[in-house]
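Open the model in your viewer and follow the stops below in order. Each stop says what to select and what is there.

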Amino acid sequence: MSSARAALARVGIVARKELVDSFRDRRSMLVILVTAVAAGPLLLLLVLNLVASQIDRDRELKLPVAGIEHAPALAAFLERQQVTIVPAPADFERKIRDGELDVVVDVDEDFAADVAAGRSGKLRLNFDRSRDRARNAIEQTQGLLRAFAAEWGQGRLLLRGVAPEVVSPLEIEVRDFATPQSSGALVLGLLAYYALFAALIGAMAAALDTTAGERERGSLEPLLTTPVAPLELAAGKWLALCVLDALVVAVTLGGFYLTLRFAPLPSVGIPFLFGFRQYAAFIAILAPLILLATAVLLYVGLRGRSVKEAQANVSVLMFAASILPVVQMFMRRKDPEWLLSVPVAGQYALLSRVLRGDALVFQEWLQAFGAPTLLALAALLLTARLLAKESVLAGR
Amino acid sequence: MIAVDALVKGFGKRGRVHAVDHVSFTAPDGEITGLLGPNGAGKTTLLRLIATLIVPDAGSARVAGHDVVRDRHEVRRRIGVLSDARGLYPRLTARENIRYYGALHGLAGPALESRVDALIAALGIADLADRHTQGFSQGERMKVAIARALVHDPEAILLDEPTNGLDIMSTRALRDLLRGLRDQGKCLLFSSHVMQEVTALCDRIVVLDHGRVVAIGTAAELLAQTGETSMEEAFVRLLGTPAGRAA
């Protein structure tokens, strides 16, 4: 009993020392602060402003038209639709290519003459479809022109005593459910992704320092001559990394919370809340990932022959892990059930659902906790086994 | 007391290179035993075997009656190790470095603090004690590492090349410290490739070459055995002759 207590005491002693040591590593702490904590909210602000400017564009369409004097009826129609007509600059083709203009309508010189002669009047619609930002303006302009054509045609039919329904047997009513949400989706994904990213890399520098770094410094050898057992050592280091990683995650999410709450945000109509409840749910969802990421970092770090080698291995691992949510983001299908058991992917799925406001059931929690926790324990035991081997002094 | 009996440790493919080859000797309490040998003679490997860091292929070693393989934990409680790389934590202060090991050895509270204070005073590092060890000189680092190795008042003290990189004053201070420990009845085992170092300090010398014991005895005994008048000549003779190597 007392030996178990002594073992636990040693775990605590190791953990405390590692925490103090990590917090004094100013450079690493600064890197964490910049990459995980500061960059997230900054990126969020950027994206929100982008979304907002897009919404502004949609709201009031300023349409550059060249040769509007040839088509006064069109000018009257557009004005009725609250579109501001601006004269198109002479070099509008170049400006479209450069992305300065989204779309320009170009009225043919012979428009009035053609119409008067009973031929179709010609309009040219200029745009660059490869520009995402321009897409809304393009669609809106196309719709407007189509509506103008339809109105005009119907007027002619009526003059001839034909009901407009004769030529338009189909009435299409468009109901778009995505509108403000679709712009919010990007923000949702970003928030969940950044939280995951913070959990993955939060303890990276400290983990390398406490494994490969400890060996390279020559401090592992004397440490292993003390009564601390390999499992105690591994557990102590793990505990310290978990605390550190959890702090990084908490601060990162805190940054999001404060940004969304107090920063002068444009009214984007974000379809979600990131309040205290979401904050707590995020931490709870990320907890198993924190356990796993730190344990794996510990093992991989210890396996590296040098800090440099360990760093390379860890980078590959982290890259693979952080690319997973990106793949998910592009998969449009609904997530399969088993995905919740996959570390990282499962957490990402749950985070997104919390943001969408979905309630999570107990079984899903269990699923998302199970695999990562078990894997974390396995990595911890492997680390302890590695520490017990004499080859650990030389790095394998 | 440290008792080493026919200890064998090999490295490389199938352990073909014998770093330690049937080594036997005894290092009694209240004496300083020196492991003397050229670079690569197996001194560090031997110390690591006794410090439970590596496991022997054959033979045994005991510290205060505890086997280094079977009673690893008991051995670790009784030894203080100064390893070749001093292995201090650069972001911790000297005091924190020493305290960490004391805590791992089960010391706590006022007992730990007074022990750390006493060591800091004994080693004359009071003005360094609360600075981060980053940027310490070799001598300062050695003193902190020694204090750390002694924090739990170990019965046996293993030192790997303790005078490496030390200036004359630090070397003298270290010698005085080790003699003081010997007079307290500790068992000291230290390795060096510097003959003067070993002869100046050791009560008993174990000469190693190619992983084997070439000779054991006091300085006087080694001189008599080789028929030389200077230790340097005796040393060269012991290492150079096939007869010596077979012994």
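## Stop 1: a helix pair in chain B

Select B:Arg95, B:Ile98, B:Arg99, B:Gly102 and B:Ala103 in helix 3 of chain B; they meet B:Leu112, B:Arg115, B:Val116, B:Leu119 and B:Ile120 in helix 4 of chain B. Contact here is a C-beta to C-beta distance within 7 Å, with C-beta atoms placed from the backbone. By class, this contact has six nonpolar, one polar and three charged residues. Nonpolar covers Ala, Val, Leu, Ile, Met, Phe, Trp, Tyr, Cys and Pro; charged covers Asp, Glu, Lys and Arg; the others, Gly among them, are polar.

This is a predicted model, in which local features need pLDDT of at least 70 and side-chain atom pairs count only at pLDDT 80 or more, while totals for chains, interfaces and linings use all residues. Residues are numbered from 1 along each chain as its sequence is written, and chains are lettered from A and ligands numbered from 1 in the order in which they are written.

Now show helix 3 (residues 94–104) and helix 4 (residues 109–122) of chain B whole: they pack at an angle of about 130 degrees, with axes 10 Å apart. Axes are lines fitted to C-alpha atoms, for helices over the stretch in contact, and angles run from 0 to 180 degrees between N-to-C directions. Helices (H or I, at least four residues) and strands (E, at least two) are DSSP runs, numbered from the N terminus. The two helices are therefore oblique to each other, a class left over after under 35 degrees (roughly parallel), over 145 (roughly antiparallel) and 65 to 115 (roughly perpendicular).

## Stop 2

Select B:Thr52, in the loop between helix 1 (43–50) and strand 4 (58–63) of chain B. Its phi is near 65 degrees, a positive value in a residue other than glycine. Most residues other than glycine have a negative phi. Is B:Thr52 buried or exposed? B:Thr52 is buried, with 24 other C-beta atoms within 10 Å; the cut-offs are 20 or more for buried, 12 or fewer for exposed, and in between for partly exposed.

Next take B:His210, between strand 9 (204–209) and strand 10 (212–217) of chain B. B:His210 also has a positive phi, about 50 degrees, and is partly exposed.

Then go to B:Glu228, in the loop between helix 8 (219–226) and helix 9 (231–240) of chain B. Not counting residues up to four places away in sequence, B:Glu228 touches B:Leu223, B:Glu233, B:Ala234 and B:Arg237.

Conventions: Contact = placed C-beta atoms within 7 Å.
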